[in-house]
Amino acid sequence: MEQRTAHGSAVGYGDWSLVPPGSEDFALYGGVGVVGRARDWATEGQYLLYDGPAQGCVHGLYRMDTCGFAACKTVGLDHTQIWVHHDARSAFLLTHPYAEEIPDRLRVYAEMHGLDVTTDCTDSWYDPATLPIRLTIPPGWPLWPIERDAAVLLHVSPISWATEP
Ligand SMILES: [Zn+2]
């Protein structure tokens, strides 16, 4: 199913977008196999890929214009994206470091930002040698900037999803 990317310019600020897996804009680091598996996974979960400033660390969840924090580069994040739920009700950072368990420093980083940190084999589409780790905005929190911005954008530029027969 073809889906259209929602561009942040539709709501008047910033160079960012939410990219559904059915969009021709859907792209991330990795070969054809990686992109294909990510696409299937994002379709199944109805996740939108955040393409914008600070997209490789927690500061994208804060919708900062850039990230200049050294900690984000040394904490063990690797092959990282930000994903937003189809209804903008939650978002998470998914990172795929070469590790066998969640590194302590990454757990501390998540906790300092109030994020839940989990690993689940169903997120393992990047490389079997990596561990998929989610840093998720917990339910019940006030809106985070990325949820707020996504809600506004998806109101103006709705993204349709195929429904199961
Ligand atoms: Zn950062």
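Mentor: Start with the largest nonpolar core, which has 36 residues. Leu-18, Leu-48, Tyr-50, Trp-83, Val-84 and Ala-91 touch the most other members. Take Leu-48 as the example. Leaving out residues up to four places away in sequence, Leu-48 touches Leu-18, Val-19, Pro-20, Trp-83, Val-84, His-86 and Ile-159. As background, nonpolar side chains tend to be buried together in soluble globular proteins. The model is a predicted one, so keep that in mind throughout.

Move to E4 (81–85). Of its 5 residues, 4 are buried, so E4 is largely enclosed by the rest of the structure. E3 and E4 run antiparallel and are joined by 3 bridges. Tyr-47 has His-85 in E4 as its bridge partner. E4 and E5 also run antiparallel, with 4 bridges. There, Ile-82 stands opposite Leu-93 in E5.

Look at the turn of that hairpin. It places 5 residues between E4 and E5, and Ala-88 takes a positive phi near 65 degrees. Most residues other than glycine have a negative phi. Ala-88 counts as buried because 20 C-beta neighbours lie inside 10 Å. Ala-54 also has a positive phi, near 55 degrees. Ala-54 lies in the loop between E3 and H2. With 22 C-beta neighbours inside 10 Å, Ala-54 counts as buried.

E5 (residues 91–95) continues the sheet to E7 (residues 133–136) through 4 antiparallel bridges. In that pairing, Thr-95 stands opposite Ile-133 in E7.

Next, helix H5 (residues 145–156). Its 12 residues should span 16 Å at 1.5 Å a residue; the end C-alpha atoms are 17 Å apart, which agrees. Buried in H5 are Ile-146, Glu-147, Asp-149, Ala-150 and Leu-153. These cover an arc of only 165 degrees around the axis, which puts them on the same side of H5. His-155 and Val-156 are exposed on the other side of H5. What covers the buried residues of H5? The cover includes strands E1, E2 (17–19), E3 (47–51), E4 and E5, together with helix H2 (58–61).

Helix H4 (residues 104–112) has Leu-106, Tyr-109 and Ala-110 as its buried residues. They span an arc of only 95 degrees around the axis, which puts them on the same side of H4. An α-helix has 3.6 residues a turn, so residues three or four places apart point the same way. The face turned away from the buried side carries exposed Asp-104, Arg-105, Glu-111 and Met-112. The buried residues of H4 pack against H3 (71–74), E6 and E7. After H4 comes Gly-114, with a positive phi near 75 degrees.

E4 is largely enclosed, with 4 of its 5 residues buried. E4 is also among the elements that cover the buried residues of H5. The buried residues of H4 pack against other elements, E6 and E7 among them.

Technical notes:
Residues numbered from 1 in each chain as written. Predicted model: local features only at pLDDT ≥ 70, side-chain atom pairs only at ≥ 80, totals over all residues. Pairing = 2+ DSSP bridges. Helix = DSSP H or I, 4+ residues; strand = E, 2+ residues; numbered from the N terminus. Expected span 1.5 Å × (residues − 1). Buried ≥ 20, exposed ≤ 12 C-beta atoms within 10 Å, placed from the backbone. Arc of directions from axis to C-beta. Contact = placed C-beta atoms within 7 Å. Core = buried A, V, L, I, M, F, W, Y, C linked by C-beta atoms within 7 Å.
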